[in-house]
Each structure stands twice: as C-alpha cells, then as structure tokens.
Amino acid sequence: MTASTDLLAPSDSQFSSRFCQHLYDMAREQPGHNESTPQPDGRRLLVVQNLEDADIVLRRNVDNYAKNYRWFSQVAGSSRFTDEGAQWKFRQELSQPYLGKFDADRAFHISTRQATRMAEHLASKPPADVLDEALIHQNMLSIFTQMFLEVEVGSIPMAHDSASRLTELASLWAFVEPGSNAISHSKELIREILQLRKQVFTALQTLRSEELQGSPMLRKMLEAESVPGFDFSFEKELTMMLGAGTDTASYSIGWALHLLASHPQLQERLFAGISAIHDEHQSDPQALKTAIAEHGDLRCFISELLRLYPTAPFVPRIAQDDDQLSDMQVKAGDVIVVSLIGVNEKALQRPNPWEPDLDAAAREGFGMGSGMISSFVWGKRICGGRSFALVELASVLSVLIRTLRFELSSTDPIEFEWVGQMRRKGGQRVRIVPRMPREPR
C-alpha cells in the first residue's frame with residue numbers, strides 16, 4: 001500500500017527521529033501492512049510490518065537485502081556491524097566466540113554487582129524529576145568492559161558516552177545517500193566528528209598496553225590487524241562494540257524504568273516475585289542466578305519491554321535485485337526498513353497491545369513475532385550479543401526492582417529521538433524512591 005504524503009517533507013533533516021513516531025503510528029493504524037514513501041534524498045523507502053515479508057528480508061532471501069549502515073562506517077570505519085561477506089565473517093569470528101559463549105555465572109556476578117552500585121548511586125542522588133541516564137550508561141559500559149575487555153571502565157581515558165556521541169552524529173546521515181552533504185551545517189558536524197573520532201581512537205589505543213591485554217578477545221583483535229586482505233582496525237571495531245553493546249542496554253534500562261513507573265501494579269508484582277527469590281536463595285549465588293534467569297514474570301516483562309520499546313526500532317537494508325513481497329514490488333536500489341515495532345504479530349492481536357501484559361506474553365510464548373525475538377533481529381544477521389544482553393537485563397533489573405521504586409514525574413506524551421538508538425527526548429520522566437530494606441521471611 002502507499003503511504004500518505006504527510007510523513008515528512010523530503011528536505012526535513014529530522015526525518016530519522018520523527019520516523020520512530022511514524023513507526024508507532026503505522027503499527028497502531030495499519031497493523032501488518034507495508035508502505036512506500038520517499039526518503040529525504042528521494043530514494044524509495046519501503047517500510048515492512050508484515051511478519052512474513054520481514055522473514056523474507058531478514059532470513060529467507062537475506063542475501064538480496066544488504067546492510068544499510070554506510071552512514072556509520074563513513075564516520076567510525078568498517079566493523080562487523082557494517083560489513084558484509086568475507087569481511088563480515090572475518091570480523092565476526094574475532095568477537096562472536098566470546099559474545100556467544102560467555103560465562104553466564106560471571107555475567108550474572110558482574111551485572112548484579114554493578115547494578116547494586118548503580119542502585120546505590122541513584123538512591124543517594126537528590127530527588128529529581130528526570131532519570132539520570134548518564135549514570136545508567138556509565139554503569140552499563142562498566143559491565144561490558146569488565147565482561148569482555150577485562151578492564152575497569154576507568155582504565156579507558158574517555159568520557160563514557162564518547163562512542164555513543166559518535167554514533168549519534170553519524171545517524172544524521174542514516175536516510176541520506178552516502179557521500180551526500182545534504183545535512184545542514186555539515187561542515188561543523190564533520191569537524192566535530194573528526195575531533196571526537198580522534199579522541200575515541202586515541203583513548204582506545206591505551207588498551208594496546210600489554211598490562212591491559214588480559215582479555216582473549218582483545219588479544220585476538222590485535223593479532224587480526226596483521227592478517228592481510230582485511231584492513232582490520234582494532235580501534236574502529238571497538239568503537240562499534242562499545243556503542244552497540246552499551247547503548248542498547250542502557251536505553252533499555254531507561255525504557256524499563258519508564259514502563260515500571262507507568263504501571264505501578266505491574267511493578268509491585270515484579271517486586272514481590274523477585275524479593276521472594278532473593279529471600280529463598282540469598283545464601284546460594286548459583287541458585288539465585290538460576291531462579292532469576294527462570295523467573296517467568298521477569299522474562300515476560302523483558303519481552304514486553306523489548307516489544308514496546310525496542311531501542312533499535314528498525315532494521316535498514318538495501319535491495320540488490322528485484323523481489324516481490326506480499327503487497328509490493330521491490331526494485332533494486334530500494335531502501336528497505338523492517339519495523340521491529342510493527343512485526344510483533346501476536347501481541348498486536350490483543351485488545352490493548354500498547355499496554356504491557358505479562359500473562360498474555362506468557363501465553364503467546366517467546367517465538368517469532370515476540371519482543372524477545374524481534375528486537376534482536378533473526379536469521380544469519382541476528383544480534384551477536386543477544387544471549388548476553390538477556391542475562392544482563394534480567395540481572396540488572398532484578399536488583400533495581402528489588403531495591404528502588406519508580407514513579408512517573410510527568411505524564412507528558414513521549415517524544416522519540418533516534419540517535420542510532422531510540423531514546424526519549426529530554427530524558428525519562430521517572431523519579432527514584434529508595435525502598436525500605438525488607439526482613440527475610
């Protein structure tokens with residue numbers, strides 16, 4: 001079907017941020033339908049919401065739909081996030097063995113320890129009406145660096161959000177033809193990008209020090225620089241990993257706290273269940289980890305969180321050849337966007353799909369068309385850190401829910417802001433209230 005012409009003017013430089021709201025509008029008003037609309041640069045943009053069509057793009061005919069992340073590679077360089085073919089496979093093999101086969105016990109220990117520190121810092125701050133997402137981001141980055149680089153975040157001499165800011169600046173070109181200067185004030189932006197990139201790369205060079213090379217993944221990446229034919233850069237790869245591995249997690253925590261504050265009864269249900277688990281297993285870390293990982297309500301909450309607020313709300317691709325989707329013809333060169341908000345087929349059939357429902361999520365399961373699957377993509381380009389991310393989210397949220405209470409400080413409508421990830425413009429309107437310590441049963 002064809003979209004209405006009022007989505008955005010082609011010259012609108014705020015296309016990408018406004019596009020997030022458009023995806024929600026589409027999912028509400030035209031569930032399961034696709035649309036065609038022009039990008040700011042004039043190319044045809046096809047938005048896919050139909051789950052079967054999304055499966056064609058992401059799995060069944062995946063080789064016809066190339067990654068569309070040139071906007072990132074032209075700013076931060078090539079990485080497994082942006083590359084295809086042999087280059088992608090080479091880079092993937094450097095990190096996937098560690099991301100995919102991580103030590104779950106260690107991940108739980110690091111995540112819960114860092115979440116406890118985060119909760120203490122959030123509770124000790126003066127009362128505020130806007131969530132301190134910078135503090136959350138710094139702690140989530142610390143989990144990532146301890147887990148995979150085996151260094152404390154303070155060992156890297158740069159601001160915690162430097163890689164994130166580089167992604168944010170790059171995202172301004174996400175819906176613009178590669179090489180275009182169509183962004184207003186692009187000279188000033190390019191100057192900022194070059195300065196920031198130099199700062200980030202210089203900071204990451206400190207990890208080349210032999211004293212900081214305890215991580216097997218780190219050593220493998222450094223060795224890869226000498227392999228001919230791949231032009232691999234340790235600093236470029238790590239910039240992508242720090243941003244992708246931290247931004248998704250920290251923004252997900254922010255959206256989770258917004259969701260909890262918006263639904264007090266759901267929050268208290270989770271609090272009661274998680275507290276009971278801690279009371280029962282507080283002297284047995286292994287049993288506690290297992291019980292948290294298997295807690296049905298928490299798993300359903302995370303699936304609902306990722307369904308309602310996927311921090312990467314769409315997957316961008318470029319069609320290599322013509323193809324046929326259910327209701328539209330794809331032409332070579334078309335920009336394809338799979339809406340991860342719109343493909344959650346099962347939940348969109350509920351009477352009120354825009355409210356979290358733990359019981360409905362449990363009935364529907366965590367297969368295709370659920371937040372637990374769709375937010376990480378599927379097929380051969382599935383998010384490499386999916387398994388770790390789910391352990392990390394469950395571990396961190398179990399601590400925050402048990403020790404803090406979250407209240408809305410405002411009921412103003414959400415205004416989305418896409419900066420390579422989806423965040424709330426102006427920050428989450430969430431107030432932190434420490435919970436009184438409970439006596440074990």
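Biologist: What span should helix H11 (residues 264-281) have at 1.5 Å a residue?

Modeller: Helices are DSSP runs of H or I with at least four residues, strands are E runs of at least two, and both are numbered from the N terminus. The expected span is 1.5 Å times one less than the number of residues. H11 has 18 residues, and the distance between its end C-alpha atoms agrees with the expected span, which is 26 Å.

Biologist: Before we go on, what is left out of the side-chain values?

Modeller: This is a predicted model, where local features need pLDDT of at least 70 and side-chain atom pairs count only at pLDDT 80 or more, while totals for chains, interfaces and linings use all residues. Residues are numbered from 1 along each chain as its sequence is written, and side-chain values use heavy atoms, leaving out hydrogens and water.

Biologist: Which strand packs against the buried residues of H11?

Modeller: Buried means under 20% relative accessible area, exposed means over 50%, and partly exposed lies in between (1.4 Å probe, protein chains only). The buried residues of H11 include Leu270, Phe271 and Ile274. Several helices pack against them, among them H10, H12 (285-294) and H16 (386-403). The strand is E8 (404-408).

Biologist: Ile401 is found in helix H16. How far is its C-alpha atom from that of Leu260?

Modeller: Ile401 is buried, with a relative accessible area of 1%. Contact means heavy atoms within 4.5 Å. Leaving out residues up to four places away in sequence, Ile401 touches Leu260, Phe271 and Arg435, among others. Ile401 and Leu260 are 141 residues apart along the chain, yet their C-alpha atoms are separated by 8.8 Å.

Biologist: Which ring does the charged end of Arg435 sit over?

Modeller: A charge sits over a ring if NZ of Lys or CZ of Arg is within 6 Å of the ring centre and within 35 degrees of the ring normal. The charged end of Arg435 is 3.8 Å from the centre of its ring, that of Phe271.

Biologist: Is the pair of Phe19 and Phe175 stacked or edge-to-face?

Modeller: Rings of Phe, Tyr and Trp (its six-membered ring) pair if their centres lie within 6.5 Å; planes under 30 degrees apart are stacked, over 60 edge-to-face, the rest tilted. There are 18 aromatic pairs in the structure. Phe19 and Phe175 have ring centres 5.3 Å apart and planes at 65 degrees, so their pair is edge-to-face.

Biologist: How many residues apart in sequence are the parts that this pair ties together?

Modeller: Both Phe19 and Phe175 are buried. Phe19 lies in helix H1 (residues 15-29), and Phe175 in the loop between H7 (162-170) and H8 (186-204).

Biologist: What angle lies between the planes of Phe90 and Phe230?

Modeller: Phe90 lies in helix H4 (residues 85-100), and Phe230 in the loop between H9 (216-224) and H10 (234-262). Their rings are stacked, 3.9 Å centre to centre, with an angle of 5 degrees.

Biologist: Within what arc do the buried residues of H8 fall?

Modeller: Leu189, Ile193 and Leu196 are among the buried residues of H8. On the other side, Lys187 and Lys198 are exposed. The arc is taken from the directions of the C-beta atoms from the helix axis. The buried residues line one face of H8, because they fall within 150 degrees.
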